[in-house]
Amino acid sequence: MNRRKFIQQSTISAAGMLLLPYFLSSCKKEALFEGKSFAGKVIIVGAGAAGMYAAYLLHRQGVDVTIIEASGKYGGRIRSQDLLADFPIELGTEKVRGERSSFYDLLLASGAEMLTSIPANFYYFNGGLKSEIDATENTFFTGMKQILIDIDDYSGADVTADSYGSSSGISDNVKHIFNGLLGNEFGSSNTRLGMYGVREVREKWSAGSDEFILKHKSLLSVFEEQFSEIIDKIILDTQITAIDYSGSKIALTDSAGNSFEADKVIMTVPLPVLKDGDITFTPALPVSHTSAYQKIGMDRGIKIAMRFDENVWPESATHIYGNGYVPFFEVVSANGRSSNDHVLTAFANGENAEYLSGLGDDMITTILAELDTLFGDASGHYIDHVMQDWGAEPFIRGAYSYPKPGIGNAREVIATNIQGKIYFAGEATHTGGHFGTVHGAMETGLRAVTEILQG
Amino acid sequence: MLIGVLCIPHISFAQPSVLFGYSNLRSPELDKVIQLYNFSRPWQENKLVPLMNGYGINAGWFWKIQKARQIHLLPELGYMRFGTSAENFDRSYAAGFHKFSVGVGLRFHPKSLIKTLQNAGVIGTRWFVSIVPAYSFYLPYVRINKEALMVSENIKYRELTSSFCLSLGTGYNVTSIGRFIITPEISATWFPSMELGNFITAVNGHNITGMSNKFSNVLFLNAGLRITMVKLHSNWWDRPREGDHG
């Protein structure tokens, strides 16, 4: 072969090789729902994170969707208040748990300034408040922390966290901290929390380990902005009381007797609404569903944000674990959120929340007394507070779901659609360890939508 | 391994070969993993493209195992990488997988298969068909802002899996330059089943939709340029063989 022929052949071959990827890439790739079409109407019952996200995804696909919400507000357990401090006070969901979720990406897209929540823990035991470093000098405390770590390898029976702690030898003087770190964190108390569910979260959690808070924006405002296309599709103050899916269409009836019709329904109502039978289904929901509801708990949860005229807590503290009816306090004005206001949030779930709720107006007095024990004179610096009792919300009736002993595959069961007509979403239906979270709720909304669009 | 050991005494008669290749991945099931990510984040303008284009390199050794019928053996090691990436709101996201393969190819020259080409002379011997059974290993990856995804504090996302595949291809020894033979090749590789460990959760942050990380009937369409070094003979395929008729 001579040089000219070599150059000619090489050029042709090289051009062909370079163009080949573009040629093959231009061949159309199937879209996610290629070959499937859904032209019907979807009604979503509940305008929380799961419902709003599902509606947004469906709307973007051109599906006719309506959200029906029983209360006068959308957002569900995402709620904030702007009057107490110079930053929004989150009365429900406070943090973004993990950086690997569509919820996190949604917040990024909103342009909201996110702060990494860096915990600086203080613990009250043995008559004093101790930093993490000081606490680790106590063998009972380090023993308790090790017992928490050992949950990763737990292979015993599905008992309560309290039983697990007792059988593992947790000392009584740190048992309240164990409850604050575990039971209260899960939305209840250790006396009710099941160990298998705790282990499930450890095994399946895949959203990332960092936690974030928004500096100046509320979480609800992000939802309002990013999902603005579907806000006018929400019908408020409309409580669905009956759903008849016996026919080809699904008929929904509200408390005022108004009727709605849909081809598919996505139920995103909180667990107690389904557990307590607020909605009559025709035909009745399968026994598998109704019995599964009973295996998942959702207890009362109370959040009280208190403003003080100065930091009554240690300067570096962000998380404080107390020994009273409030297992956990968070300095929500920390991490760069506010330089003017000093705000501490009390967070109690389960038995503690039930007790505090029963105190009525005396609740704040009781909590301030607990803070005096922790910090010295806290009540003398108290200015104002705002309180949210999620157990008192008529259409929510709790904080978030938690696993009871014997939960088994209850979440898988309640997540199963019925006859391809009634779909279920909401944090309680998350089967991948993200129950009790906003990103988990959104992921279940995605599941329901993909099930509908894939037929 | 056994084949490698058997090859050692024959290396002096073997001819080293390198293939620079491109591969187009065809798997609707695997596409859905990326498409789900995009679908769940409609606010992101820059979408991840489904894994399609891979580039890599193979290295192996040729030797004749059947002189008369022009059958060559080509044990070969290969590497190829598939990836996709996008940046949105100052956050870069990349996902893909590395593919390592070990295979033993059989190359048949038409002179041995199609008797009517016996008199085709040089052209007939230049063309070949190949069949390559191979075993491939996959190492998926996800990077956020160019940092590897961590599944826990000190552990990066790494899930090594493997499976069998089969390639059918053809090529043409187009020319030689000095002691190097230039051979464009095309082939199709079929994986009955290909698993990328926990890939769906790694990409999406969850597997709430219950997709399988095992993808069936995955097809790779390959094209490449092979350069074979002639160790002992130049234009070895031109040398008369036993039974040749001129």
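Buried area is the accessible area, taken with a 1.4 Å probe, that two parts lose on being put together, summed over both. The model shown here is predicted, so local features need pLDDT of at least 70 and side-chain atom pairs count only at pLDDT 80 or more, while totals for chains, interfaces and linings use all residues. Residues are numbered from 1 along each chain as its sequence is written, chains are lettered from A and ligands numbered from 1 in the order in which they are written, and side-chain values use heavy atoms, with hydrogens and water left out.

**View 1. The interface of chain A and chain B.** Between them, chain A and chain B bury about 3400 Å², and 65% of this area lies on carbon and sulfur atoms. Counting contact as heavy atoms within 4.5 Å, 42 residues of chain A touch 40 residues of chain B. The two chains are also linked by two salt bridges, a salt bridge being a side-chain nitrogen of Lys or Arg within 4 Å of a carboxyl oxygen of Asp or Glu. In a salt bridge, the side chains of Arg91(B) and Asp105(A) come together with N and O 2.7 Å apart. On the side of chain A that touches chain B, two or more residues come from each of α1 (3-25), α2 (49-60), α3 (102-110) and α16 (438-453) of chain A; helices (H or I, at least four residues) and strands (E, at least two) are DSSP runs, numbered from the N terminus.

**View 2. The open sheet of seven strands in chain A.** The strands follow the order β8-β7-β18-β19-β20-β17-β21 (chain A), and their pairing is mixed; two strands pair if DSSP finds at least two bridges between them. At the edges stand β8 (128-131) and β21 (382-389) of chain A, each with a single partner strand, so one side of each has no neighbour in the sheet. Neighbouring strands of this sheet are turned by 20° against each other on average, direction ignored, where axes are lines fitted to C-alpha atoms, for helices over the stretch in contact, and angles run from 0 to 180 degrees between N-to-C directions.

**View 3. Strand β17 of chain A and the helices on the sheet.** Strand β17 (residues 301-308) of chain A runs antiparallel to β21(A), and seven bridges join the two. Ile304(A) has Met387(A) as its bridge partner in β21(A). Helix α14 (residues 363-375) of chain A packs on the sheet, where β7 (121-125), β18 (319-321) and β19 (328-331) of chain A are among the strands that it touches, and its direction makes about 65° with that of β17(A). Helix α13 (residues 350-359) of chain A lies across β17, β20 (342-349) and β21 of chain A, and runs at about 110° to β20(A).

**View 4. The open sheet of five strands in chain A.** Here the order is β10-β2-β1-β14-β23 (chain A), with parallel pairing. Because β10 (234-235) and β23 (422-424) of chain A stand at the edges, each with a single partner strand, one side of each is left without a neighbour in the sheet. Strands β1 (residues 41-45) and β2 (residues 64-68) of chain A run parallel and are joined by five bridges, and Ile44(A) has Ile67(A) as its bridge partner in β2(A). Helix α2(A) packs on this sheet, touching β1, β2, β10 and β14 (264-267) of chain A, with its direction at about 165° to that of β2(A). Helix α16(A) also packs on the sheet, touching β1, β14 and β23 of chain A, and its direction makes about 150° with that of β23(A).

**View 5. Two loops of chain A.** Thr282(A) and Pro283(A) are joined by a cis peptide bond, with omega about -5°, and Pro283(A) has its place in the loop between β15 (280-282) and α12 (287-293) of chain A. Arg397(A), a residue other than glycine, has a positive phi near 60°, and its place is in the loop between β21 and β22 (401-403) of chain A.
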